Amino acid sequence: MSTTQTPRPTQGEVPGDKGAFAWLHALGPRGRRAFGGAFGGYALDSYDFFTLPLSMVAISAYFSLSSGQTGLLTTVTLVVSALGGILAGILADRIGRVKALMITVITYALFTVLCGFAPNYETLLVFRALQGVGFGGEWAVGAILVAEYASAKHRGRTLGGVQSAWAAGWALAVVVYTLVFHFLDPDTAWRVMFWTGALPALLVIWVRRNVEDAPHAAEVRRSSSERGSLTAVFRPGLLRTTVFATLLSTGVQGGYYTLATWVPTYLKGDRGLTVVGTGGYLAFLISGAFIGYLTGGYLTDRLGRKRNIVVFAVLSAVCILAYTNIPAGANGLVLVLGFPLGFCMSAIFSGFGSFLSELYPTAVRGTGQGFTYNTGRAVGAFFPTLVGFLADSWGVGGALVFGAVGYGIAVLALLGLPETRGRELT
(Lines give C-alpha, C1' and ligand atoms only; values in the text may rest on other atoms or scores of the structure.)
Protein backbone atom coordinates (compact mmCIF):
# COMPACT_ATOMS: atom_id res chain seq x y z
CA MET A 1 0.00 0.00 0.00
CA SER A 2 1.40 3.35 -0.99
CA THR A 3 1.51 6.23 1.48
CA THR A 4 2.28 9.02 -0.99
CA GLN A 5 0.22 10.96 -3.50
CA THR A 6 -0.27 14.44 -4.85
CA PRO A 7 -1.61 16.61 -2.02
CA ARG A 8 -5.24 17.71 -2.10
CA PRO A 9 -5.88 20.80 -0.03
CA THR A 10 -8.85 20.58 2.28
CA GLN A 11 -11.75 22.89 1.45
CA GLY A 12 -11.36 26.14 3.34
CA GLU A 13 -7.61 25.86 3.79
CA VAL A 14 -5.46 28.91 3.18
CA PRO A 15 -1.84 28.16 2.30
CA GLY A 16 0.62 29.92 4.57
CA ASP A 17 4.36 29.52 4.42
CA LYS A 18 5.70 32.58 6.23
CA GLY A 19 6.00 33.51 9.88
CA ALA A 20 6.20 31.62 13.15
CA PHE A 21 2.50 30.68 12.97
CA ALA A 22 2.38 29.73 9.29
CA TRP A 23 1.49 26.19 10.35
CA LEU A 24 -1.62 27.43 12.14
CA HIS A 25 -2.63 29.72 9.26
CA ALA A 26 -2.24 26.84 6.78
CA LEU A 27 -4.78 24.70 8.63
CA GLY A 28 -7.70 26.89 7.55
CA PRO A 29 -10.80 27.57 9.70
CA ARG A 30 -11.94 23.96 10.00
CA GLY A 31 -8.44 22.72 10.62
CA ARG A 32 -7.95 25.25 13.40
CA ARG A 33 -11.16 24.08 15.07
CA ALA A 34 -9.91 20.51 14.79
CA PHE A 35 -6.62 21.63 16.34
CA GLY A 36 -8.54 23.24 19.21
CA GLY A 37 -10.48 20.06 19.86
CA ALA A 38 -7.40 17.84 19.76
CA PHE A 39 -5.39 20.27 21.90
CA GLY A 40 -8.15 20.50 24.52
CA GLY A 41 -8.69 16.75 24.56
CA TYR A 42 -5.01 16.00 25.02
CA ALA A 43 -4.56 18.69 27.70
CA LEU A 44 -7.42 17.26 29.74
CA ASP A 45 -6.17 13.73 29.05
CA SER A 46 -2.88 14.82 30.62
CA TYR A 47 -4.69 16.49 33.52
CA ASP A 48 -6.64 13.33 34.31
CA PHE A 49 -3.49 11.18 34.05
CA PHE A 50 -1.47 13.33 36.46
CA THR A 51 -4.14 13.29 39.16
CA LEU A 52 -2.64 9.93 40.14
CA PRO A 53 1.14 10.63 40.24
CA LEU A 54 0.57 13.89 42.09
CA SER A 55 -1.68 12.19 44.65
CA MET A 56 0.42 9.05 44.89
CA VAL A 57 2.01 9.77 48.29
CA ALA A 58 -1.40 10.47 49.87
CA ILE A 59 -3.01 7.42 48.24
CA SER A 60 -0.14 5.19 49.34
CA ALA A 61 -0.50 6.38 52.93
CA TYR A 62 -4.31 6.14 52.89
CA PHE A 63 -4.35 2.51 51.72
CA SER A 64 -0.97 1.54 53.31
CA LEU A 65 0.54 0.50 49.98
CA SER A 66 4.01 -0.73 49.15
CA SER A 67 6.04 0.97 46.41
CA GLY A 68 5.26 -1.93 44.08
CA GLN A 69 1.51 -1.62 44.65
CA THR A 70 1.68 2.12 44.11
CA GLY A 71 3.57 1.70 40.84
CA LEU A 72 1.01 -0.89 39.71
CA LEU A 73 -1.68 1.82 39.68
CA THR A 74 0.18 3.58 36.87
CA THR A 75 1.14 0.37 35.12
CA VAL A 76 -2.42 -0.95 34.94
CA THR A 77 -3.57 2.40 33.51
CA LEU A 78 -0.98 2.23 30.76
CA VAL A 79 -1.40 -1.49 30.03
CA VAL A 80 -5.17 -1.20 29.62
CA SER A 81 -4.60 1.96 27.56
CA ALA A 82 -3.18 -0.32 24.87
CA LEU A 83 -6.56 -1.97 24.47
CA GLY A 84 -8.28 1.42 24.55
CA GLY A 85 -5.89 2.87 22.00
CA ILE A 86 -6.32 -0.01 19.60
CA LEU A 87 -10.11 0.11 19.89
CA ALA A 88 -10.14 3.89 19.44
CA GLY A 89 -7.93 3.61 16.37
CA ILE A 90 -10.24 1.05 14.80
CA LEU A 91 -13.25 3.22 15.65
CA ALA A 92 -11.55 6.27 14.15
CA ASP A 93 -11.16 4.39 10.85
CA ARG A 94 -14.71 3.02 10.91
CA ILE A 95 -16.91 5.80 12.32
CA GLY A 96 -14.66 8.84 11.93
CA ARG A 97 -12.04 10.77 13.90
CA VAL A 98 -14.35 13.24 15.68
CA LYS A 99 -16.85 10.65 16.95
CA ALA A 100 -14.02 8.47 18.24
CA LEU A 101 -12.43 11.50 19.92
CA MET A 102 -15.61 12.28 21.86
CA ILE A 103 -15.97 8.67 23.01
CA THR A 104 -12.42 8.59 24.38
CA VAL A 105 -12.81 11.90 26.25
CA ILE A 106 -16.08 10.84 27.90
CA THR A 107 -14.55 7.51 28.95
CA TYR A 108 -11.43 8.86 30.63
CA ALA A 109 -13.37 11.66 32.37
CA LEU A 110 -16.02 9.30 33.78
CA PHE A 111 -13.60 6.82 35.31
CA THR A 112 -11.27 9.50 36.66
CA VAL A 113 -14.21 10.86 38.67
CA LEU A 114 -15.13 7.37 39.87
CA CYS A 115 -11.56 6.88 41.16
CA GLY A 116 -12.36 9.55 43.73
CA PHE A 117 -15.10 7.36 45.19
CA ALA A 118 -12.99 4.20 45.50
CA PRO A 119 -13.45 2.63 48.97
CA ASN A 120 -10.35 0.41 48.73
CA TYR A 121 -7.19 -0.22 46.73
CA GLU A 122 -8.71 -2.97 44.58
CA THR A 123 -11.60 -0.75 43.45
CA LEU A 124 -9.23 2.11 42.70
CA LEU A 125 -7.12 -0.26 40.62
CA VAL A 126 -10.17 -1.31 38.57
CA PHE A 127 -11.40 2.26 38.01
CA ARG A 128 -7.91 3.42 37.06
CA ALA A 129 -7.64 0.56 34.58
CA LEU A 130 -10.94 1.55 32.97
CA GLN A 131 -9.78 5.18 32.85
CA GLY A 132 -6.91 3.86 30.74
CA VAL A 133 -9.37 2.74 28.05
CA GLY A 134 -10.21 6.35 27.22
CA PHE A 135 -6.76 7.68 28.04
CA GLY A 136 -5.17 5.32 25.54
CA GLY A 137 -7.23 6.39 22.58
CA GLU A 138 -7.40 10.18 22.83
CA TRP A 139 -3.94 11.13 21.59
CA ALA A 140 -3.89 8.84 18.56
CA VAL A 141 -7.34 9.94 17.38
CA GLY A 142 -6.70 13.65 17.97
CA ALA A 143 -3.29 13.54 16.30
CA ILE A 144 -4.70 11.87 13.18
CA LEU A 145 -7.59 14.34 13.00
CA VAL A 146 -5.14 17.26 12.91
CA ALA A 147 -2.53 15.51 10.73
CA GLU A 148 -5.11 15.08 7.98
CA TYR A 149 -5.68 18.83 7.90
CA ALA A 150 -2.00 19.79 8.12
CA SER A 151 0.28 20.35 5.12
CA ALA A 152 3.34 18.11 4.73
CA LYS A 153 5.64 21.12 5.14
CA HIS A 154 4.20 22.10 8.52
CA ARG A 155 2.95 18.78 9.87
CA GLY A 156 5.73 18.36 12.44
CA ARG A 157 5.17 21.81 13.93
CA THR A 158 1.39 21.39 13.86
CA LEU A 159 1.47 18.07 15.69
CA GLY A 160 4.13 19.45 18.03
CA GLY A 161 1.55 22.07 18.95
CA VAL A 162 -0.95 19.34 19.78
CA GLN A 163 1.70 17.55 21.85
CA SER A 164 2.37 20.72 23.85
CA ALA A 165 -1.14 20.33 25.27
CA TRP A 166 0.25 17.58 27.47
CA ALA A 167 2.42 20.13 29.30
CA ALA A 168 -0.54 22.51 29.59
CA GLY A 169 -2.67 19.79 31.21
CA TRP A 170 0.22 18.77 33.44
CA ALA A 171 0.66 22.38 34.59
CA LEU A 172 -3.05 22.71 35.35
CA ALA A 173 -2.92 19.51 37.38
CA VAL A 174 0.04 20.81 39.42
CA VAL A 175 -1.76 24.12 40.14
CA VAL A 176 -4.91 22.31 41.27
CA TYR A 177 -2.83 19.80 43.28
CA THR A 178 -0.98 22.60 45.06
CA LEU A 179 -4.22 24.34 46.02
CA VAL A 180 -6.20 21.23 46.95
CA PHE A 181 -3.46 19.65 49.05
CA HIS A 182 -2.63 22.96 50.71
CA PHE A 183 -6.18 23.58 51.94
CA LEU A 184 -7.48 20.04 52.49
CA ASP A 185 -6.40 17.06 54.52
CA PRO A 186 -4.48 14.55 52.32
CA ASP A 187 -7.09 11.83 52.95
CA THR A 188 -9.72 14.08 51.35
CA ALA A 189 -7.50 15.96 48.90
CA TRP A 190 -6.62 12.97 46.72
CA ARG A 191 -10.34 12.24 46.20
CA VAL A 192 -11.05 15.86 45.26
CA MET A 193 -8.23 15.71 42.71
CA PHE A 194 -9.97 12.83 40.94
CA TRP A 195 -13.37 14.54 41.10
CA THR A 196 -12.00 17.53 39.20
CA GLY A 197 -11.46 15.10 36.32
CA ALA A 198 -15.03 15.84 35.23
CA LEU A 199 -13.79 18.95 33.36
CA PRO A 200 -13.46 17.22 29.94
CA ALA A 201 -17.25 16.85 29.67
CA LEU A 202 -17.42 20.53 28.71
CA LEU A 203 -14.98 19.96 25.84
CA VAL A 204 -17.13 17.18 24.36
CA ILE A 205 -20.04 19.60 23.98
CA TRP A 206 -17.84 22.07 22.06
CA VAL A 207 -16.29 19.39 19.82
CA ARG A 208 -19.68 17.97 18.91
CA ARG A 209 -20.84 21.39 17.69
CA ASN A 210 -17.69 22.71 16.01
CA VAL A 211 -15.31 20.00 14.77
CA GLU A 212 -15.50 17.70 11.74
CA ASP A 213 -13.21 15.23 9.98
CA ALA A 214 -11.01 16.45 7.11
CA PRO A 215 -13.32 15.99 4.06
CA HIS A 216 -10.84 14.35 1.70
CA ALA A 217 -9.54 11.94 4.35
CA ALA A 218 -13.11 11.03 5.32
CA GLU A 219 -13.94 10.33 1.66
CA VAL A 220 -10.90 8.06 1.22
CA ARG A 221 -11.61 6.26 4.49
CA ARG A 222 -15.26 5.55 3.61
CA SER A 223 -14.40 4.20 0.16
CA SER A 224 -11.82 1.67 1.42
CA SER A 225 -12.71 -1.95 2.08
CA GLU A 226 -9.83 -2.24 4.59
CA ARG A 227 -10.80 0.63 6.88
CA GLY A 228 -10.30 -0.24 10.52
CA SER A 229 -8.81 -3.66 9.76
CA LEU A 230 -6.31 -4.70 12.43
CA THR A 231 -4.97 -7.51 10.26
CA ALA A 232 -4.13 -5.00 7.52
CA VAL A 233 -1.32 -3.43 9.57
CA PHE A 234 0.36 -6.85 9.83
CA ARG A 235 0.30 -7.61 6.12
CA PRO A 236 3.45 -7.55 3.95
CA GLY A 237 4.40 -3.95 3.30
CA LEU A 238 3.26 -2.74 6.71
CA LEU A 239 4.37 -5.55 9.06
CA ARG A 240 7.95 -4.25 9.41
CA THR A 241 6.64 -0.73 10.03
CA THR A 242 4.23 -1.95 12.71
CA VAL A 243 6.88 -3.98 14.57
CA PHE A 244 9.53 -1.26 14.67
CA ALA A 245 7.07 1.58 15.34
CA THR A 246 5.80 -0.40 18.34
CA LEU A 247 9.36 -0.88 19.58
CA LEU A 248 10.02 2.84 19.15
CA SER A 249 6.92 3.71 21.16
CA THR A 250 7.90 1.23 23.87
CA GLY A 251 11.32 2.79 24.38
CA VAL A 252 10.26 6.43 24.39
CA GLN A 253 7.23 5.90 26.60
CA GLY A 254 9.06 3.56 28.97
CA GLY A 255 11.54 6.35 29.65
CA TYR A 256 8.91 9.05 29.82
CA TYR A 257 6.39 7.37 32.12
CA THR A 258 9.15 6.31 34.49
CA LEU A 259 9.86 10.00 35.05
CA ALA A 260 6.25 11.22 34.93
CA THR A 261 5.22 8.67 37.55
CA TRP A 262 8.09 8.85 40.01
CA VAL A 263 9.56 12.37 39.88
CA PRO A 264 6.91 13.84 42.27
CA THR A 265 7.65 11.03 44.75
CA TYR A 266 11.40 11.53 44.24
CA LEU A 267 11.09 15.24 45.01
CA LYS A 268 9.02 14.68 48.15
CA GLY A 269 10.75 11.54 49.40
CA ASP A 270 14.41 11.61 48.35
CA ARG A 271 14.75 15.42 48.23
CA GLY A 272 12.44 16.17 51.18
CA LEU A 273 10.37 18.90 49.51
CA THR A 274 6.97 20.12 50.75
CA VAL A 275 3.78 20.11 48.66
CA VAL A 276 4.32 23.74 47.64
CA GLY A 277 8.03 23.11 47.06
CA THR A 278 7.27 20.12 44.85
CA GLY A 279 4.88 22.27 42.79
CA GLY A 280 7.58 24.90 42.33
CA TYR A 281 10.16 22.38 41.15
CA LEU A 282 7.66 20.75 38.81
CA ALA A 283 6.95 24.20 37.33
CA PHE A 284 10.50 24.26 35.94
CA LEU A 285 10.12 20.72 34.60
CA ILE A 286 6.78 21.52 32.95
CA SER A 287 8.01 24.83 31.49
CA GLY A 288 10.86 22.95 29.87
CA ALA A 289 8.36 20.36 28.59
CA PHE A 290 6.10 22.95 26.96
CA ILE A 291 8.97 24.67 25.16
CA GLY A 292 10.41 21.26 24.28
CA TYR A 293 7.22 20.19 22.51
CA LEU A 294 7.18 23.34 20.39
CA THR A 295 10.92 23.23 19.64
CA GLY A 296 10.82 19.53 18.84
CA GLY A 297 7.94 20.14 16.43
CA TYR A 298 10.01 22.72 14.58
CA LEU A 299 13.12 20.52 14.51
CA THR A 300 11.27 17.44 13.30
CA ASP A 301 10.35 19.44 10.17
CA ARG A 302 13.91 20.77 9.79
CA LEU A 303 16.04 17.75 10.75
CA GLY A 304 13.63 14.96 9.87
CA ARG A 305 11.57 12.65 12.07
CA LYS A 306 14.34 10.15 12.83
CA ARG A 307 17.15 12.61 13.57
CA ASN A 308 14.95 14.56 15.95
CA ILE A 309 14.18 11.39 17.93
CA VAL A 310 17.84 10.33 18.08
CA VAL A 311 19.05 13.73 19.29
CA PHE A 312 16.54 13.96 22.10
CA ALA A 313 16.73 10.29 23.10
CA VAL A 314 20.45 10.74 23.81
CA LEU A 315 19.92 14.06 25.60
CA SER A 316 17.04 12.65 27.68
CA ALA A 317 19.16 9.72 28.88
CA VAL A 318 21.97 12.11 29.84
CA CYS A 319 19.53 14.36 31.72
CA ILE A 320 18.09 11.43 33.70
CA LEU A 321 21.56 10.38 34.83
CA ALA A 322 22.44 13.94 35.82
CA TYR A 323 19.12 14.64 37.56
CA THR A 324 19.21 11.52 39.72
CA ASN A 325 22.85 11.86 40.77
CA ILE A 326 22.73 15.34 42.26
CA PRO A 327 24.38 15.39 45.71
CA ALA A 328 22.20 15.64 48.82
CA GLY A 329 21.47 19.24 49.79
CA ALA A 330 21.97 20.61 46.26
CA ASN A 331 18.27 21.18 45.67
CA GLY A 332 19.02 24.36 43.74
CA LEU A 333 20.68 22.21 41.10
CA VAL A 334 17.61 19.95 41.01
CA LEU A 335 15.57 23.05 40.22
CA VAL A 336 17.88 24.17 37.41
CA LEU A 337 18.20 20.73 35.79
CA GLY A 338 14.41 20.26 35.81
CA PHE A 339 14.11 22.59 32.81
CA PRO A 340 16.42 20.70 30.39
CA LEU A 341 15.03 17.37 31.63
CA GLY A 342 11.47 18.45 30.80
CA PHE A 343 12.64 19.99 27.52
CA CYS A 344 14.40 16.88 26.21
CA MET A 345 11.95 14.21 27.32
CA SER A 346 9.11 16.17 25.67
CA ALA A 347 10.83 17.30 22.46
CA ILE A 348 11.30 13.65 21.50
CA PHE A 349 7.50 13.23 21.39
CA SER A 350 6.88 16.15 19.03
CA GLY A 351 7.57 14.12 15.93
CA PHE A 352 5.44 11.14 16.95
CA GLY A 353 2.11 12.47 15.71
CA SER A 354 3.44 13.29 12.25
CA PHE A 355 5.79 10.29 12.02
CA LEU A 356 3.21 7.62 12.87
CA SER A 357 0.54 9.28 10.72
CA GLU A 358 2.87 9.30 7.73
CA LEU A 359 3.75 5.62 8.13
CA TYR A 360 0.18 4.43 7.38
CA PRO A 361 -2.40 5.05 4.61
CA THR A 362 -5.71 6.72 5.49
CA ALA A 363 -7.87 3.58 5.65
CA VAL A 364 -5.79 2.07 8.48
CA ARG A 365 -4.08 5.18 9.85
CA GLY A 366 -6.12 5.15 13.05
CA THR A 367 -5.63 1.43 13.51
CA GLY A 368 -1.89 1.52 12.83
CA GLN A 369 -1.19 4.56 14.97
CA GLY A 370 -3.50 3.38 17.74
CA PHE A 371 -1.88 -0.06 17.85
CA THR A 372 1.78 0.96 17.69
CA TYR A 373 1.59 3.92 20.06
CA ASN A 374 -0.55 2.21 22.69
CA THR A 375 1.04 -1.22 22.57
CA GLY A 376 4.33 0.57 23.10
CA ARG A 377 2.73 2.46 25.98
CA ALA A 378 1.52 -0.81 27.55
CA VAL A 379 4.92 -2.50 27.38
CA GLY A 380 6.67 0.67 28.48
CA ALA A 381 4.26 0.80 31.42
CA PHE A 382 6.19 -1.95 33.13
CA PHE A 383 9.09 0.46 33.58
CA PRO A 384 7.32 2.44 36.39
CA THR A 385 6.38 -0.82 38.17
CA LEU A 386 9.96 -2.06 37.96
CA VAL A 387 11.15 1.25 39.37
CA GLY A 388 8.61 0.85 42.19
CA PHE A 389 10.02 -2.54 43.17
CA LEU A 390 13.63 -1.41 42.77
CA ALA A 391 12.93 1.73 44.82
CA ASP A 392 12.68 -0.33 48.01
CA SER A 393 16.35 -1.28 47.74
CA TRP A 394 17.87 1.35 45.41
CA GLY A 395 15.83 4.38 46.43
CA VAL A 396 13.57 6.20 43.96
CA GLY A 397 16.46 8.30 42.60
CA GLY A 398 18.62 5.27 41.87
CA ALA A 399 15.78 3.31 40.29
CA LEU A 400 14.85 6.21 37.98
CA VAL A 401 18.07 5.63 36.06
CA PHE A 402 16.37 2.59 34.55
CA GLY A 403 14.33 5.02 32.45
CA ALA A 404 17.43 5.78 30.39
CA VAL A 405 17.30 2.21 29.05
CA GLY A 406 14.05 3.01 27.26
CA TYR A 407 15.66 5.75 25.20
CA GLY A 408 18.36 3.34 24.05
CA ILE A 409 15.65 0.96 22.81
CA ALA A 410 14.03 3.82 20.87
CA VAL A 411 17.24 4.64 18.99
CA LEU A 412 17.68 0.99 17.95
CA ALA A 413 14.08 0.83 16.70
CA LEU A 414 14.69 3.66 14.22
CA LEU A 415 16.99 1.35 12.23
CA GLY A 416 13.89 -0.43 10.91
CA LEU A 417 11.83 2.64 9.96
CA PRO A 418 11.95 5.00 6.94
CA GLU A 419 12.30 8.77 7.08
CA THR A 420 8.92 10.35 6.23
CA ARG A 421 9.56 14.10 6.34
CA GLY A 422 7.65 15.80 3.50
CA ARG A 423 5.44 12.78 2.81
CA GLU A 424 1.85 13.54 1.77
CA LEU A 425 -0.98 11.56 3.34
CA THR A 426 -3.19 9.34 1.17
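Guide: A helix here is a DSSP run of H or I with at least four residues, numbered from the N terminus. The model is predicted.

Visitor: Which helix gives the most to the lining of the second largest pocket?

Guide: Helix 12 does, with three residues. Helix 12 spans residues 275–302, and the other elements that give two or more residues to this lining are helix 1 (22–26), helix 2 and helix 6 (155–163).

Visitor: What makes up the lining of the second largest pocket, and which residues lie nearest its centre?

Guide: The lining of the second largest pocket has 14 residues, and those nearest the centre are Ala 20, Phe 21, Trp 23, Arg 157 and Leu 294. By class, nine residues of this lining are nonpolar, four are polar and one is charged. The space in the pocket comes to about 230 Å³.

Visitor: Why are helix 2 and helix 5 called roughly antiparallel?

Guide: Helix 2 and helix 5 pack at about 160°, with axes 9 Å apart. Angles over 145 degrees count as roughly antiparallel, so the term applies to helix 2 and helix 5. Their crossing is left-handed.

Visitor: Which residues make the contact of helix 2 with helix 5?

Guide: From helix 2 they include Phe 35, Tyr 42, Asp 45, Asp 48 and Phe 49, and from helix 5 they include Arg 128, Phe 135, Glu 138 and Trp 139. By class, this contact of helix 2 with helix 5 has 14 nonpolar, four polar and four charged residues.

Visitor: Why are helix 2 and helix 7 called oblique?

Guide: Helix 2 (residues 28–63) and helix 7 (residues 165–183) pack at an angle of about 40°, with axes 7 Å apart. Roughly parallel requires an angle under 35 degrees, and roughly perpendicular covers 65 to 115. The pair is therefore oblique. The crossing of helix 2 and helix 7 is right-handed.

Visitor: What makes the contact of helix 2 with helix 7, by class?

Guide: The contact of helix 2 with helix 7 has 18 nonpolar, three polar and one charged residues. Among the residues of helix 2 are Phe 39, Tyr 42, Asp 45 and Phe 50, while Trp 166, Trp 170, Tyr 177 and Phe 181 are among those of helix 7.

Visitor: Why are helix 5 and helix 16 called oblique?

Guide: The axes of helix 5 (residues 121–147) and helix 16 (residues 365–380) cross at roughly 140° and come within 9 Å. Roughly antiparallel begins over 145 degrees, and roughly perpendicular ends at 115. Helix 5 and helix 16 are therefore oblique to each other. Helix 5 passes helix 16 in a right-handed crossing.

Visitor: Which residues of helix 5 and helix 16 meet?

Guide: Helix 5 uses Phe 135, Gly 136, Trp 139, Ala 140, Ala 143 and Ile 144, which meet Arg 365, Gly 366, Gln 369, Gly 370, Tyr 373, Asn 374 and Arg 377 of helix 16. The contact of helix 5 with helix 16 has six nonpolar, five polar and two charged residues.

Visitor: How do you know how many nonpolar residues are in the lining of the largest cavity?

Guide: The lining is Tyr 42, Trp 166, Tyr 256, Tyr 257, Tyr 293, Phe 349 and Tyr 373. Phe, Trp and Tyr count as nonpolar, so the lining divides into seven nonpolar, no polar and no charged residues.

Visitor: How many cavities of 30 Å³ or more does the structure hold?

Guide: The structure holds one. The largest cavity has a volume of about 40 Å³.

Conventions:
Residues numbered from 1 in each chain as written. Predicted model: local features only at pLDDT ≥ 70, side-chain atom pairs only at ≥ 80, totals over all residues. Heavy atoms only, no water. Axes fitted to C-alpha atoms, helices over the stretch in contact; angles between N-to-C directions. Left-handed = near helix turned anticlockwise from the far one by under 90°. Contact = heavy atoms within 4.5 Å. 1 Å grid on protein atoms, 1.4 Å probe; cavity = no way out; pocket = protein on both sides within 12 Å on 5 of 7 lines; lining within 4 Å. Points joined across faces, edges and corners; volume = space filled by probe spheres on them.
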